[in-house]
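I opened a new notebook page for this chain. My entries follow the order in which I looked things up.

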Amino acid sequence: KHGPEHVALVTTDTQRIAAQEQIRTFGRILGVPVCVVDEDCNLEKAISNLGYKRLILVDTPGHSKDHEMLSRDLEHIASKGIPVQTILTLASNSHPRLQERVVSQYQGASLSACVLTKLDETPSLGETLGVVVKHHLPIAYVANGQQVPNDIDVVRPGSLVTLVESMSRAFTAQEAGNGLSSKVVGGN
């Protein structure tokens, strides 16, 4: 939508090993600049320096003890009239209780939407969709593999239904190939 000349990436993840290198690699692939938030450059300064960009994507460390500080920073930036949208990345291969905890943890950050990732690593989206529906969280994008940006898709009306159907067919075919049966036997 904006083109690489109008997009920048910012990472606040200084905890995970190689997190900064990973985001820099994404920046090279996408042809966009990357800024690292650390003790020398806070989030407000990074966004201010990149203010000429139309879209600044901020990558944060998932389960962080610094979540409250990040939420305060985002609120402060929004209070200065800079539009902030918080989009949660939710791993579809995670246990539903973990997904619930993640959504609840970020609910106070005024979530606008979510991105469902790791669709290629899960046989079913049912439990993930249950969490998303429960929290009234729109799905903006899905990621179905490691090839960036090729494996990232915008969710459009009907595309999610088509995706769920194809995943179900693929899983059923895999079960049949493994000699497994998905037939449920009744009982008490």
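**Entry 1: His136.** I note at the outset that this is a predicted model. I began with His136, which has a relative accessibility of 70% and therefore counts as exposed, the cut-off being over 50%. I placed His136 in the loop between α5 and β6, the latter spanning 139-143. I then read its backbone: phi is positive, about 50°, although His136 is not a glycine.

**Entry 2: Lys118.** I went on to another positive phi. Lys118, also a residue other than glycine, has phi near 60°. I found Lys118 in the loop between β5 and α5, with α5 covering 126-134.

**Entry 3: Thr122.** I stayed in the loop between β5 and α5, where Thr122 is also found. Its relative accessible area is 13%, under the 20% cut-off, so I marked Thr122 as buried. What does Thr122 touch, leaving aside its neighbours within four places in sequence? I listed Ser92, Asn93 and Met167. I also checked polar atoms. One in the side chain of Thr122 lies 3.1 Å from the backbone oxygen of Ser124.

**Entry 4: β4 and β5.** I turned to the strands. β4 takes in residues 86-91 and β5 residues 111-117; the two run parallel and are joined by 6 bridges.

**Entry 5: Thr86.** I looked at Thr86, which sits in strand β4. With a relative accessibility of 14%, Thr86 falls under 20% and so counts as buried. I set aside its neighbours within four places in sequence and read off its contacts: Leu74, Ala109, Ser110, Leu111, Ser112 and Ala113.

**Entry 6: Ser94.** I moved to the loop between β4 and α4, where Ser94 lies. Ser94 has a relative accessibility of 22%, so I logged it as partly exposed. I computed one distance here. The C-alpha atoms of Ser94 and Glu127 are separated by 9.6 Å, and the two residues are 33 apart along the chain.

**Entry 7: α1.** I finished with helix α1, residues 19-30. It has 12 residues, and I got 17 Å from its first C-alpha to its last. That is close to the 16 Å expected at 1.5 Å a residue. Which residues of α1 are buried? I noted Ala19, Ile23 and Gly27. They cover an arc of only 80° around the axis, so they lie on the same side of α1. I then asked what covers these buried residues, and the cover includes β1 (7-11), β2 (34-36) and β3 (55-59). Last, I checked what comes after the helix. Gly31 follows α1 and has a positive phi, near 75°.

Terms used:
Residues numbered from 1 in each chain as written. Heavy atoms only, no water. Pairing = 2+ DSSP bridges. Helix = DSSP H or I, 4+ residues; strand = E, 2+ residues; numbered from the N terminus. Buried < 20%, exposed > 50% of the residue type's maximum accessible area, 1.4 Å probe, protein only. Polar contact = N/O pair within 3.5 Å; in protein donor to acceptor, adjacent residues only side chain to side chain. Contact = heavy atoms within 4.5 Å. Expected span 1.5 Å × (residues − 1). Arc of directions from axis to C-beta.
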